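I opened this notebook to keep track of what I looked up in the structure, entry by entry. The sequence and the model come first, and my notes follow.

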Amino acid sequence: IRTTKDPIPSMHQNPTKKAAPFPASTTLYHKVDALSGGTSTMRAAGQTLLPKHPEEAIENYEKRLSTSTLVNYYSKAIDAAVGRATTKPIEVSNLPASLTPFLADIDGAGSTFDQFAQEALWLTIHHGSTYIVADYPELESLPTTLAEANTIKARPYLVSITAPQVLAAYGKTENGQERLCHFRWSGCEVIPSDDGLDETRVETVKAYNQPDANGPITLTTWRKVDSGWSQGDPAVIVGVTSIPVVCAYGWRTGFFTGKPVLTDLADLNVAHWQSLSEQTHILSIARVPFLHVSGQNLNETVPNPDGSTTVKAFKLSVHSAAITPENTKIEWVETSGASISAGEANIDYLERKMDAMGLVPTASKSGNVTATETCINAAESSAQLKALCVAFGQSMSKALYLLSEFAGTPAPTVNVAIDPTFQVNPDAPEKTEEASEATPQQ
(Lines give C-alpha, C1' and ligand atoms only; values in the text may rest on other atoms or scores of the structure.)
Protein backbone atom coordinates (compact mmCIF):
# COMPACT_ATOMS: atom_id res chain seq x y z
CA ILE A 1 0.00 0.00 0.00
CA ARG A 2 1.38 3.42 -0.81
CA THR A 3 0.20 6.98 -0.51
CA THR A 4 0.90 9.57 -3.19
CA LYS A 5 1.45 13.30 -3.56
CA ASP A 6 1.55 15.64 -6.52
CA PRO A 7 4.55 15.19 -8.88
CA ILE A 8 7.41 17.65 -8.77
CA PRO A 9 9.52 18.64 -11.79
CA SER A 10 13.08 17.30 -12.00
CA MET A 11 14.45 18.11 -15.43
CA HIS A 12 18.17 17.73 -14.73
CA GLN A 13 18.28 14.09 -13.61
CA ASN A 14 18.70 11.03 -15.80
CA PRO A 15 17.11 8.14 -13.91
CA THR A 16 17.77 5.74 -16.82
CA LYS A 17 21.51 5.56 -16.10
CA LYS A 18 22.50 1.95 -15.51
CA ALA A 19 24.58 0.86 -12.54
CA ALA A 20 27.96 -0.69 -13.38
CA PRO A 21 26.94 -4.36 -12.88
CA PHE A 22 23.99 -3.99 -15.25
CA PRO A 23 25.18 -4.00 -18.88
CA ALA A 24 23.19 -2.53 -21.70
CA SER A 25 20.76 -5.04 -23.17
CA THR A 26 22.46 -4.73 -26.56
CA THR A 27 25.61 -6.36 -25.20
CA LEU A 28 24.26 -9.13 -22.98
CA TYR A 29 20.74 -9.84 -24.15
CA HIS A 30 20.80 -8.80 -27.82
CA LYS A 31 21.66 -12.25 -29.14
CA VAL A 32 19.26 -14.31 -27.00
CA ASP A 33 16.40 -11.83 -27.47
CA ALA A 34 16.89 -11.97 -31.24
CA LEU A 35 16.81 -15.78 -31.12
CA SER A 36 13.72 -15.90 -28.92
CA GLY A 37 11.91 -13.58 -31.33
CA GLY A 38 12.35 -15.99 -34.24
CA THR A 39 13.17 -15.40 -37.89
CA SER A 40 11.77 -11.85 -37.99
CA THR A 41 13.96 -10.53 -35.17
CA MET A 42 17.02 -12.38 -36.49
CA ARG A 43 16.51 -10.66 -39.86
CA ALA A 44 15.99 -7.34 -38.08
CA ALA A 45 19.37 -7.80 -36.36
CA GLY A 46 20.94 -7.61 -39.83
CA GLN A 47 24.71 -7.64 -40.06
CA THR A 48 25.22 -7.96 -36.29
CA LEU A 49 24.20 -11.62 -36.48
CA LEU A 50 24.50 -12.31 -40.23
CA PRO A 51 27.65 -10.57 -41.49
CA LYS A 52 27.90 -9.32 -45.07
CA HIS A 53 30.82 -10.67 -47.11
CA PRO A 54 33.46 -8.08 -48.05
CA GLU A 55 32.72 -8.27 -51.80
CA GLU A 56 28.98 -8.95 -51.45
CA ALA A 57 26.78 -6.27 -53.00
CA ILE A 58 24.28 -4.82 -50.56
CA GLU A 59 21.33 -5.84 -52.75
CA ASN A 60 22.62 -9.42 -52.83
CA TYR A 61 23.09 -9.40 -49.06
CA GLU A 62 19.59 -8.07 -48.46
CA LYS A 63 18.15 -10.77 -50.70
CA ARG A 64 20.11 -13.45 -48.82
CA LEU A 65 18.98 -12.00 -45.49
CA SER A 66 15.33 -11.90 -46.54
CA THR A 67 15.41 -15.59 -47.49
CA SER A 68 17.29 -16.79 -44.40
CA THR A 69 15.21 -18.83 -41.96
CA LEU A 70 15.92 -19.60 -38.31
CA VAL A 71 15.62 -23.14 -36.96
CA ASN A 72 15.01 -22.16 -33.36
CA TYR A 73 16.80 -24.72 -31.21
CA TYR A 74 17.36 -22.10 -28.51
CA SER A 75 13.72 -21.28 -27.73
CA LYS A 76 12.66 -24.90 -28.07
CA ALA A 77 15.32 -25.90 -25.52
CA ILE A 78 13.88 -23.46 -22.97
CA ASP A 79 10.32 -24.55 -23.81
CA ALA A 80 11.31 -28.17 -23.18
CA ALA A 81 13.08 -27.32 -19.91
CA VAL A 82 10.10 -25.38 -18.56
CA GLY A 83 7.76 -28.14 -19.75
CA ARG A 84 9.75 -30.75 -17.83
CA ALA A 85 9.94 -28.56 -14.76
CA THR A 86 6.17 -28.06 -14.64
CA THR A 87 4.96 -31.49 -15.78
CA LYS A 88 3.85 -31.99 -12.19
CA PRO A 89 1.66 -29.29 -10.61
CA ILE A 90 3.57 -26.66 -8.66
CA GLU A 91 3.02 -27.31 -4.95
CA VAL A 92 2.33 -24.38 -2.62
CA SER A 93 2.25 -25.19 1.10
CA ASN A 94 1.74 -23.20 4.33
CA LEU A 95 -0.06 -20.36 2.55
CA PRO A 96 -2.84 -18.85 4.72
CA ALA A 97 -6.29 -19.97 3.59
CA SER A 98 -7.34 -16.35 3.11
CA LEU A 99 -4.66 -15.98 0.39
CA THR A 100 -5.45 -19.20 -1.48
CA PRO A 101 -7.95 -17.45 -3.84
CA PHE A 102 -5.12 -15.18 -5.01
CA LEU A 103 -3.42 -18.19 -6.65
CA ALA A 104 -6.21 -18.25 -9.26
CA ASP A 105 -5.35 -14.65 -10.25
CA ILE A 106 -1.87 -13.95 -8.93
CA ASP A 107 -1.10 -10.87 -11.04
CA GLY A 108 -4.51 -9.22 -11.00
CA ALA A 109 -4.74 -9.80 -14.76
CA GLY A 110 -6.16 -13.32 -14.76
CA SER A 111 -2.97 -15.42 -14.70
CA THR A 112 -2.92 -18.39 -12.37
CA PHE A 113 0.08 -18.88 -10.10
CA ASP A 114 1.27 -21.81 -12.25
CA GLN A 115 1.06 -19.74 -15.45
CA PHE A 116 2.86 -16.83 -13.82
CA ALA A 117 5.61 -19.15 -12.50
CA GLN A 118 6.09 -20.84 -15.89
CA GLU A 119 6.55 -17.49 -17.65
CA ALA A 120 8.92 -16.26 -14.94
CA LEU A 121 10.96 -19.50 -15.11
CA TRP A 122 11.23 -19.16 -18.90
CA LEU A 123 12.61 -15.63 -18.49
CA THR A 124 14.94 -16.77 -15.71
CA ILE A 125 16.58 -19.33 -18.01
CA HIS A 126 16.47 -16.93 -20.96
CA HIS A 127 18.08 -13.88 -19.35
CA GLY A 128 19.76 -15.58 -16.39
CA SER A 129 17.62 -13.66 -13.91
CA THR A 130 14.15 -12.25 -13.54
CA TYR A 131 12.60 -10.06 -10.86
CA ILE A 132 9.34 -10.63 -9.01
CA VAL A 133 7.73 -7.58 -7.42
CA ALA A 134 4.97 -7.83 -4.85
CA ASP A 135 2.74 -4.78 -5.16
CA TYR A 136 -0.50 -3.27 -3.96
CA PRO A 137 -2.83 -0.81 -5.71
CA GLU A 138 -1.94 2.84 -5.28
CA LEU A 139 -4.32 4.42 -2.78
CA GLU A 140 -4.92 8.00 -1.66
CA SER A 141 -5.79 6.75 1.84
CA LEU A 142 -5.32 3.43 3.58
CA PRO A 143 -8.28 1.11 4.28
CA THR A 144 -8.77 0.66 8.02
CA THR A 145 -10.54 -2.72 7.88
CA LEU A 146 -10.48 -5.85 5.71
CA ALA A 147 -14.09 -5.16 4.75
CA GLU A 148 -13.13 -1.72 3.51
CA ALA A 149 -10.23 -3.20 1.50
CA ASN A 150 -12.61 -5.74 -0.05
CA THR A 151 -15.10 -3.00 -0.89
CA ILE A 152 -12.54 -1.04 -2.92
CA LYS A 153 -11.17 -4.33 -4.31
CA ALA A 154 -7.71 -3.60 -2.99
CA ARG A 155 -5.51 -6.71 -2.97
CA PRO A 156 -1.82 -7.50 -3.38
CA TYR A 157 -0.48 -9.03 -6.59
CA LEU A 158 2.79 -10.11 -8.23
CA VAL A 159 4.51 -8.48 -11.20
CA SER A 160 7.38 -9.89 -13.27
CA ILE A 161 10.16 -7.54 -14.45
CA THR A 162 12.59 -8.70 -17.13
CA ALA A 163 16.35 -8.38 -16.73
CA PRO A 164 16.81 -5.81 -19.56
CA GLN A 165 14.41 -3.47 -17.75
CA VAL A 166 16.52 -3.33 -14.59
CA LEU A 167 18.72 -0.25 -14.28
CA ALA A 168 20.24 -0.66 -10.82
CA ALA A 169 20.16 -2.74 -7.65
CA TYR A 170 22.28 -1.89 -4.61
CA GLY A 171 22.69 -3.87 -1.44
CA LYS A 172 24.11 -3.40 2.06
CA THR A 173 25.69 -6.14 4.14
CA GLU A 174 24.20 -6.13 7.64
CA ASN A 175 24.65 -8.87 10.24
CA GLY A 176 26.29 -11.08 7.63
CA GLN A 177 23.44 -10.79 5.14
CA GLU A 178 23.11 -8.61 2.07
CA ARG A 179 19.97 -6.48 2.05
CA LEU A 180 18.45 -4.76 -0.98
CA CYS A 181 18.40 -1.00 -0.35
CA HIS A 182 17.77 0.36 -3.87
CA PHE A 183 16.06 -1.12 -6.93
CA ARG A 184 15.32 0.82 -10.12
CA TRP A 185 13.76 -0.29 -13.42
CA SER A 186 12.33 1.16 -16.63
CA GLY A 187 8.88 0.71 -18.07
CA CYS A 188 6.20 2.30 -20.21
CA GLU A 189 2.70 3.59 -19.58
CA VAL A 190 0.15 3.43 -22.38
CA ILE A 191 -2.50 6.16 -22.12
CA PRO A 192 -5.41 5.73 -24.58
CA SER A 193 -7.21 8.77 -25.95
CA ASP A 194 -10.74 9.53 -24.78
CA ASP A 195 -12.24 8.08 -27.97
CA GLY A 196 -9.95 5.02 -27.86
CA LEU A 197 -8.66 5.64 -31.39
CA ASP A 198 -5.17 6.68 -30.39
CA GLU A 199 -2.70 6.23 -27.57
CA THR A 200 0.25 7.95 -25.94
CA ARG A 201 3.25 5.96 -24.72
CA VAL A 202 5.13 7.47 -21.79
CA GLU A 203 8.52 6.15 -20.68
CA THR A 204 8.77 5.64 -16.93
CA VAL A 205 11.42 4.80 -14.37
CA LYS A 206 10.54 3.56 -10.89
CA ALA A 207 12.84 3.19 -7.89
CA TYR A 208 12.46 1.60 -4.47
CA ASN A 209 14.65 2.96 -1.67
CA GLN A 210 15.26 1.81 1.90
CA PRO A 211 18.59 3.20 3.16
CA ASP A 212 18.07 1.89 6.71
CA ALA A 213 16.86 -1.62 7.53
CA ASN A 214 14.26 -0.30 10.00
CA GLY A 215 13.51 2.82 8.00
CA PRO A 216 10.64 3.57 5.62
CA ILE A 217 10.43 2.18 2.08
CA THR A 218 9.73 4.70 -0.65
CA LEU A 219 8.79 4.37 -4.30
CA THR A 220 9.72 7.20 -6.67
CA THR A 221 8.37 7.44 -10.23
CA TRP A 222 9.84 9.46 -13.11
CA ARG A 223 7.98 10.10 -16.37
CA LYS A 224 9.58 11.23 -19.61
CA VAL A 225 8.46 14.64 -20.83
CA ASP A 226 9.61 16.81 -23.73
CA SER A 227 12.09 18.76 -21.63
CA GLY A 228 13.45 15.85 -19.62
CA TRP A 229 12.08 13.80 -16.74
CA SER A 230 9.29 14.72 -14.35
CA GLN A 231 9.82 13.23 -10.88
CA GLY A 232 6.96 12.32 -8.63
CA ASP A 233 7.20 12.84 -4.90
CA PRO A 234 8.38 9.62 -3.17
CA ALA A 235 5.44 7.50 -2.02
CA VAL A 236 5.72 5.60 1.26
CA ILE A 237 5.21 1.84 1.04
CA VAL A 238 3.16 0.41 3.91
CA GLY A 239 2.68 -3.26 4.76
CA VAL A 240 6.14 -4.78 4.18
CA THR A 241 9.37 -4.51 6.14
CA SER A 242 11.76 -4.73 3.16
CA ILE A 243 11.80 -3.71 -0.49
CA PRO A 244 9.23 -6.07 -2.07
CA VAL A 245 11.46 -7.37 -4.88
CA VAL A 246 12.85 -10.89 -5.29
CA CYS A 247 15.54 -11.86 -7.81
CA ALA A 248 15.19 -15.35 -9.31
CA TYR A 249 18.61 -16.45 -10.57
CA GLY A 250 19.25 -18.77 -13.48
CA TRP A 251 22.99 -18.13 -13.75
CA ARG A 252 24.05 -15.81 -10.93
CA THR A 253 26.95 -13.43 -11.59
CA GLY A 254 26.56 -11.17 -8.55
CA PHE A 255 24.06 -9.43 -6.29
CA PHE A 256 20.80 -9.22 -8.27
CA THR A 257 22.63 -9.93 -11.55
CA GLY A 258 22.79 -12.94 -13.85
CA LYS A 259 23.51 -13.94 -17.41
CA PRO A 260 21.64 -16.16 -19.89
CA VAL A 261 21.86 -19.83 -18.92
CA LEU A 262 22.11 -21.21 -22.47
CA THR A 263 24.74 -18.83 -23.86
CA ASP A 264 26.72 -21.62 -25.54
CA LEU A 265 23.60 -22.98 -27.20
CA ALA A 266 22.72 -19.44 -28.35
CA ASP A 267 26.17 -19.07 -29.96
CA LEU A 268 25.73 -22.35 -31.81
CA ASN A 269 22.22 -21.41 -32.92
CA VAL A 270 23.55 -18.15 -34.39
CA ALA A 271 26.33 -20.13 -36.15
CA HIS A 272 23.63 -22.46 -37.49
CA TRP A 273 21.62 -19.43 -38.70
CA GLN A 274 24.66 -18.17 -40.59
CA SER A 275 25.63 -21.55 -42.04
CA LEU A 276 22.08 -22.34 -43.12
CA SER A 277 21.88 -18.92 -44.79
CA GLU A 278 25.03 -19.71 -46.78
CA GLN A 279 23.72 -23.16 -47.65
CA THR A 280 20.37 -21.88 -48.87
CA HIS A 281 22.10 -19.23 -50.96
CA ILE A 282 24.60 -21.60 -52.57
CA LEU A 283 21.88 -24.12 -53.35
CA SER A 284 19.90 -21.46 -55.19
CA ILE A 285 22.95 -21.01 -57.43
CA ALA A 286 24.20 -24.58 -57.67
CA ARG A 287 20.82 -26.01 -58.67
CA VAL A 288 20.90 -24.03 -61.91
CA PRO A 289 23.56 -25.18 -64.43
CA PHE A 290 25.07 -22.58 -66.77
CA LEU A 291 26.41 -22.59 -70.35
CA HIS A 292 30.14 -22.35 -70.89
CA VAL A 293 31.72 -21.34 -74.23
CA SER A 294 35.37 -22.13 -74.99
CA GLY A 295 37.48 -21.48 -78.07
CA GLN A 296 37.74 -18.28 -80.09
CA ASN A 297 36.91 -14.96 -78.37
CA LEU A 298 33.28 -14.32 -79.35
CA ASN A 299 33.07 -10.81 -77.89
CA GLU A 300 32.28 -8.15 -80.49
CA THR A 301 34.27 -4.89 -80.74
CA VAL A 302 31.97 -2.02 -81.75
CA PRO A 303 33.40 1.36 -82.95
CA ASN A 304 32.07 4.55 -81.36
CA PRO A 305 31.48 7.88 -83.20
CA ASP A 306 34.36 9.51 -81.32
CA GLY A 307 36.81 6.90 -82.60
CA SER A 308 36.90 4.78 -79.47
CA THR A 309 35.63 1.23 -79.31
CA THR A 310 33.29 -0.68 -77.02
CA VAL A 311 33.50 -4.41 -76.34
CA LYS A 312 30.07 -6.02 -76.53
CA ALA A 313 30.13 -9.22 -74.50
CA PHE A 314 28.89 -12.41 -76.11
CA LYS A 315 25.73 -13.67 -74.37
CA LEU A 316 24.05 -17.04 -74.65
CA SER A 317 21.07 -18.42 -72.76
CA VAL A 318 18.95 -21.54 -72.77
CA HIS A 319 16.38 -19.73 -74.91
CA SER A 320 18.74 -18.53 -77.62
CA ALA A 321 21.08 -19.95 -80.26
CA ALA A 322 24.38 -18.75 -81.74
CA ILE A 323 26.49 -19.31 -84.84
CA THR A 324 30.07 -19.82 -83.71
CA PRO A 325 33.40 -20.34 -85.50
CA GLU A 326 34.84 -23.79 -86.03
CA ASN A 327 36.28 -25.54 -82.93
CA THR A 328 34.11 -23.48 -80.56
CA LYS A 329 32.76 -25.63 -77.75
CA ILE A 330 29.51 -24.89 -75.87
CA GLU A 331 28.57 -27.08 -72.89
CA TRP A 332 26.54 -27.18 -69.70
CA VAL A 333 28.56 -26.75 -66.52
CA GLU A 334 27.52 -27.69 -62.99
CA THR A 335 29.26 -27.39 -59.63
CA SER A 336 30.91 -30.53 -58.31
CA GLY A 337 28.91 -30.27 -55.06
CA ALA A 338 31.98 -30.40 -52.80
CA SER A 339 31.16 -27.06 -51.13
CA ILE A 340 27.53 -28.09 -50.74
CA SER A 341 28.55 -31.32 -49.03
CA ALA A 342 30.89 -29.39 -46.75
CA GLY A 343 28.04 -27.05 -45.84
CA GLU A 344 25.74 -29.99 -45.10
CA ALA A 345 28.39 -31.53 -42.86
CA ASN A 346 28.82 -28.26 -40.97
CA ILE A 347 25.08 -27.86 -40.44
CA ASP A 348 24.77 -31.47 -39.28
CA TYR A 349 27.67 -30.95 -36.85
CA LEU A 350 26.06 -27.81 -35.39
CA GLU A 351 22.72 -29.55 -34.99
CA ARG A 352 24.31 -32.48 -33.14
CA LYS A 353 26.16 -30.06 -30.86
CA MET A 354 22.95 -28.14 -30.14
CA ASP A 355 21.19 -31.43 -29.44
CA ALA A 356 23.78 -31.96 -26.70
CA MET A 357 23.61 -28.52 -25.07
CA GLY A 358 20.08 -28.02 -23.79
CA LEU A 359 18.71 -28.70 -20.34
CA VAL A 360 16.42 -31.62 -21.21
CA PRO A 361 17.94 -34.84 -22.62
CA THR A 362 15.24 -37.01 -24.20
CA ALA A 363 16.87 -39.07 -26.93
CA SER A 364 20.13 -40.56 -28.12
CA LYS A 365 22.03 -38.48 -30.66
CA SER A 366 23.47 -39.37 -34.01
CA GLY A 367 27.18 -39.15 -34.73
CA ASN A 368 28.74 -41.84 -32.56
CA VAL A 369 26.97 -40.77 -29.35
CA THR A 370 26.49 -43.91 -27.29
CA ALA A 371 23.68 -44.75 -24.92
CA THR A 372 26.17 -44.48 -22.03
CA GLU A 373 27.09 -40.94 -23.07
CA THR A 374 23.42 -40.08 -23.35
CA CYS A 375 22.78 -41.28 -19.80
CA ILE A 376 25.77 -39.27 -18.52
CA ASN A 377 24.44 -36.15 -20.25
CA ALA A 378 21.00 -36.93 -18.83
CA ALA A 379 22.35 -37.07 -15.27
CA GLU A 380 24.24 -33.79 -15.69
CA SER A 381 21.28 -32.00 -17.25
CA SER A 382 18.87 -33.40 -14.68
CA ALA A 383 21.08 -32.13 -11.85
CA GLN A 384 21.38 -28.68 -13.42
CA LEU A 385 17.67 -28.26 -14.06
CA LYS A 386 16.83 -29.71 -10.64
CA ALA A 387 19.09 -27.16 -8.92
CA LEU A 388 17.64 -24.33 -11.02
CA CYS A 389 14.08 -25.36 -10.14
CA VAL A 390 14.85 -25.63 -6.43
CA ALA A 391 16.34 -22.13 -6.41
CA PHE A 392 13.43 -20.76 -8.45
CA GLY A 393 10.94 -22.33 -6.05
CA GLN A 394 12.68 -20.60 -3.15
CA SER A 395 12.43 -17.27 -4.97
CA MET A 396 8.70 -17.77 -5.58
CA SER A 397 8.31 -18.66 -1.88
CA LYS A 398 9.85 -15.30 -0.95
CA ALA A 399 7.51 -13.53 -3.39
CA LEU A 400 4.45 -15.17 -1.81
CA TYR A 401 5.73 -14.20 1.63
CA LEU A 402 5.91 -10.56 0.52
CA LEU A 403 2.39 -10.87 -0.87
CA SER A 404 1.21 -12.29 2.47
CA GLU A 405 2.82 -9.35 4.29
CA PHE A 406 0.91 -6.90 2.10
CA ALA A 407 -2.29 -8.84 2.86
CA GLY A 408 -1.68 -8.53 6.60
CA THR A 409 -1.21 -12.28 7.17
CA PRO A 410 2.57 -12.89 7.11
CA ALA A 411 3.47 -16.47 6.19
CA PRO A 412 7.23 -16.94 6.71
CA THR A 413 7.01 -20.71 6.20
CA VAL A 414 5.20 -20.60 2.83
CA ASN A 415 6.93 -22.97 0.42
CA VAL A 416 6.83 -23.43 -3.37
CA ALA A 417 8.08 -26.80 -4.66
CA ILE A 418 8.89 -27.38 -8.35
CA ASP A 419 9.94 -30.93 -9.20
CA PRO A 420 11.25 -31.49 -12.76
CA THR A 421 10.75 -34.90 -14.34
CA PHE A 422 12.86 -36.70 -16.95
CA GLN A 423 12.36 -39.67 -19.18
CA VAL A 424 15.51 -40.41 -21.11
CA ASN A 425 15.13 -43.02 -23.82
CA PRO A 426 18.46 -44.09 -25.37
CA ASP A 427 16.59 -46.04 -28.05
CA ALA A 428 14.58 -43.05 -29.27
CA PRO A 429 14.90 -42.05 -32.95
CA GLU A 430 17.72 -39.78 -34.02
CA LYS A 431 17.19 -36.05 -34.32
CA THR A 432 14.62 -34.79 -36.77
CA GLU A 433 14.80 -31.95 -39.24
CA GLU A 434 12.29 -29.76 -37.38
CA ALA A 435 13.47 -27.75 -34.41
CA SER A 436 10.16 -28.39 -32.69
CA GLU A 437 11.06 -32.08 -32.49
CA ALA A 438 14.65 -31.50 -31.47
CA THR A 439 15.24 -31.42 -27.75
CA PRO A 440 18.69 -29.97 -27.01
CA GLN A 441 20.60 -30.98 -23.92
CA GLN A 442 23.60 -29.87 -21.97
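I began with strands β6 (residues 166–174) and β7 (residues 177–192), which run antiparallel and are joined by eight bridges. Strands, I noted, are DSSP runs of E with at least two residues, helices are runs of H or I with at least four residues, and both are numbered from the N terminus; two strands pair if DSSP finds at least two bridges between them. Opposite A169 I found F183 in β7. The two strands form a hairpin with two residues between them, and N175 in the turn has a positive phi of about 55°.

Before going on I wrote down that this is a predicted model, in which local features need pLDDT of at least 70 and side-chain atom pairs count only at pLDDT 80 or more, while totals for chains, interfaces and linings use all residues. Residues are numbered from 1 along each chain as its sequence is written, and side-chain values use heavy atoms, with hydrogens and water left out.

Next I checked the confidence, for which pLDDT is the predictor's own score for each residue, from 0 to 100. The chain averages 81, and 74% of the residues score at least 70. Over residues 361–369 the pLDDT is below 50, although this stretch has 34 contacts in the model beyond near neighbours in sequence, a contact being heavy atoms within 4.5 Å. Over residues 424–442 the pLDDT is also below 50, and there I noted 70 contacts beyond near neighbours in sequence.

I then turned to the largest nonpolar core, which has 88 residues, and in which I125, Y131, L158, F183 and F256 have the most contacts. Such a core is a set of buried Ala, Val, Leu, Ile, Met, Phe, Trp, Tyr and Cys residues joined through side-chain atoms within 4.5 Å, where buried means under 20% relative accessible area, exposed over 50%, and partly exposed in between (1.4 Å probe, protein chains only). Helix α10 (residues 371–406) gives the most to this core, with 10 residues.

I returned to F256, which lies in the loop between β13 (252–254) and β14 (257–258). F256 is buried, with a relative accessible area of 8%, and its phi is positive, near 60°.

My last entry concerns S277, which I found in helix α8 (residues 263–286). Is S277 buried or exposed? S277 is buried, at a relative accessible area of 3%, and, leaving aside neighbours within four places in sequence, S277 is in contact with L50, R64 and S68.
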